[in-house]
Amino acid sequence: MKIGELAARAGLNASAIRYYEKLGLLAPPDRAGGQRRYPAGALDRVLLIRFAGQLGFTLGETRLFLHGLRDNTPVGPRWKKLAARKIAEMQESIARARRMEKLLRGLLHCGCSSLHQCVSCLHLNKDLARLPSRPR
């Protein structure tokens, strides 16, 4: 199929397909009369790339997942490995977001009369790792 058809069927612009090729996510297609001609399996790959992106996987992570993948390769073990890493990453992000929310909720009640007082109450220093759980 031509690049325009592949892009339309995947809900993308043709430039995205070319970008995926450039990054190595899609194998360079055969050409006929100077036009790219993609095999039917290219649509599955492009749809998977989009799906992975919606799950928060980077294009680099997706490239790693797809590297050496053939049509008959079981994908379960690859998903497990990638998903386990992404879950750990998400748990870190959630914990960081919860800490940030707690700090921001404390800041809603800030009664500091000056910047100096605020910095002192927050115990800010060059390290910033020592932020109290409830700023005053």
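Let's start with helix 4, residues 59-66, and helix 5, residues 76-107: they pack at an angle of about 155°, and their axes lie 10 Å apart. So helix 4 runs roughly antiparallel to helix 5. The cut-off here is an angle over 145 degrees. Keep in mind that this is a predicted model.

The crossing of helix 4 and helix 5 is right-handed. Who makes the contact? On the helix 4 side, look for Glu61, Leu64, Phe65 and Leu66. On the helix 5 side, they meet Arg78, Trp79, Leu82, Arg85, Lys86 and Glu89. Sort the residues of this contact by class, and you get five nonpolar, five charged and no polar.

Now to helix 1, residues 3-10. We will look at two partners in turn.

Helix 1 and helix 2 pack at about 100°, with 8 Å between their axes. Helix 1 and helix 2 are therefore roughly perpendicular to each other. Helix 1 brings Ile3, Leu6 and Ala7 to the contact, and helix 2 brings Ala14, Ile17 and Arg18. That contact of helix 1 with helix 2 divides into five nonpolar residues, one charged and no polar.

How do helix 1 and helix 3 pack? Their angle is about 45°, and their axes are 10 Å apart. That angle makes helix 1 and helix 3 oblique to each other. Helix 1 passes helix 3 in a right-handed crossing. From helix 1, the contact uses Leu6, Arg9 and Ala10. From helix 3, the contact uses Ala42, Leu43, Val46, Leu47 and Arg50. By class, the contact of helix 1 with helix 3 has six nonpolar residues, two charged and no polar.

Let's zoom in on one residue there. Is alanine 42 buried or exposed? Alanine 42 is buried, because its relative accessible area is 5%. What does alanine 42 touch, leaving out residues up to four places away in sequence? The answer is Leu6 and Leu26. Alanine 42 and leucine 6 are 36 residues apart in sequence, yet their C-alpha atoms are 7.8 Å apart in space.

Now a charged residue. With a relative accessible area of 14%, glutamate 21 counts as buried. Setting aside residues up to four places away in sequence, glutamate 21 touches Leu26, Ala27, Pro28, Pro29, Arg36 and Tyr38. Note Leu26 in that list. Alanine 42 touches Leu26 too.

Last stop: the cysteines. How many disulfides does the count come to? The count comes to zero. Cysteine 112 is in no disulfide, and its nearest cysteine sulfur, on cysteine 110, is 3.7 Å away. Cysteine 118 is in no disulfide either, with the sulfur of cysteine 112 as the nearest, at 4.3 Å. One more point on cysteine 118: its relative accessibility is 19%, so cysteine 118 counts as buried. The cut-off for buried is under 20%.

Conventions:
Residues are numbered from 1 along each chain as its sequence is written. This is a predicted model: local features need pLDDT of at least 70, side-chain atom pairs count only at pLDDT 80 or more; totals for chains, interfaces and linings use all residues. Side-chain values use heavy atoms; hydrogens and water are left out. Axes are lines fitted to C-alpha atoms, for helices over the stretch in contact, and angles run from 0 to 180 degrees between N-to-C directions. Helices (H or I, at least four residues) and strands (E, at least two) are DSSP runs, numbered from the N terminus. Angles under 35 degrees count as roughly parallel, over 145 as roughly antiparallel, 65 to 115 as roughly perpendicular and the rest as oblique. A crossing is left-handed if the near helix is turned anticlockwise from the far one by less than a right angle, and right-handed if clockwise. Contact means heavy atoms within 4.5 Å. Ala, Val, Leu, Ile, Met, Phe, Trp, Tyr, Cys and Pro count as nonpolar, Asp, Glu, Lys and Arg as charged, and the others, Gly among them, as polar. A disulfide is a pair of cysteine sulfur atoms within 2.5 Å. Buried means under 20% relative accessible area, exposed over 50%, partly exposed in between (1.4 Å probe, protein chains only).
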